[in-house]
Amino acid sequence: EIGKFLEIKLRPGGNEGEDQRVFKGVITGSRLRSRRTGRELILQVHDPIFQTTLHKKNDYFSEMSDADILRQILGKYNKLSVGSIKGGEVEHPEMIQYISTDWDFVLARADANGLCVGVTDGKIEIGPLEKGSQETLRLGKDEWLDFDLAVDLRQSMDQVKSVAWNPDDQALQIGPEAKRPVLAPGKWANAKRPGELGESDNQQLFPVPLASPELKAYAQGRQH
């Protein structure tokens with residue numbers, strides 16, 4: 001039935017073990033097709049987050065932090081579950097959503113704060129990039145089906161600084177520096193620092209006055 005949830009479960013290892021859910025979504029369409037070889041029922045299923053991508057909107061937010069804005073936007077959708085939102089505590093006097101889908105606006109505000117957006121089975125989690133588990137993959141020893149790992153430091157910077165213009169003082173307003181997050185994806189003893197491959201520092205310029213915490217958040221957002 002269109003509008004109902006559908007779950008797909010698999011049982012690893014054949015008949016042993018328990019069924020594990022690999023996908024849960026909303027049935028958004030169906031199609032019945034008949035051929036000489038038989039009949040087919042084709043269901044179109046999407047994660048509930050699809051609701052946020054349908055229409056471009058305009059909205060205005062006053063005296064709210066990004067975390068509160070994101071929670072308010074996502075809370076309007078009854079099939080979505082909003083989990084934890086870590087970060088985005090800086091309060092904005094004004095924030096405008098202009099001709100943007102809710103999904104694009106959520107991604108833009110999360111990116112401005114250096115946050116990642118994750119969606120699983122209709123539950124959305126937003127937070128900074130953090131160290132994962134200590135699990136390892138040993139090529140040639142562990143069982144694996146496909147593997148693709150890449151590292152690209154061209155857009156990585158040792159430091160990022162945000163600079164705004166204060167019209168009252170007629171002077172530059174320099175925010176706190178944001179340093180590269182410390183992650184340990186493996187042993188990189190011989191890895192080059194970003195500055196050795198290009199520019200080590202980056203400076204962002206804003207033509208309007210911004211609070212120091214907001215300048216730091218924008219700088220940190222470029223360090224993920």
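Helix α1 (residues 66-74) lies across β5 and β8, running at about 170° to β5. Helices (H or I, at least four residues) and strands (E, at least two) are DSSP runs, numbered from the N terminus. Angles run from 0 to 180 degrees between N-to-C directions, with axes fitted to C-alpha atoms, for helices over the stretch in contact. This is a predicted model: local features need pLDDT of at least 70, side-chain atom pairs count only at pLDDT 80 or more, and totals for chains, interfaces and linings use all residues. Residues are numbered from 1 along each chain as its sequence is written, and side-chain values use heavy atoms, without hydrogens and water.

Helix α2 (residues 102-112) packs on the sheet too. It touches β7 and β8 (contact means heavy atoms within 4.5 Å). Its direction makes about 140° with that of β7.

Now the sheet itself. It is open, with 3 strands in the order β5-β8-β7 and mixed pairing. Two strands pair if DSSP finds at least two bridges between them. β5 (81-85) and β7 (115-120) are the edge strands, each pairing on one side only. β7 and β8 (residues 123-128) pair in the antiparallel sense over 6 bridges. Cys-116 has Gly-127 in β8 as its bridge partner.

Next, the aromatic rings. Rings of Phe, Tyr and Trp (its six-membered ring) pair if their centres lie within 6.5 Å; planes under 30 degrees apart count as stacked, over 60 as edge-to-face and the rest as tilted. Phe-61 and Phe-105 are stacked, 6.1 Å centre to centre, with 15° between the planes. Phe-61 lies in strand β4 (residues 56-65) and Phe-105 in helix α2, so the pair ties together parts 44 residues apart in sequence.
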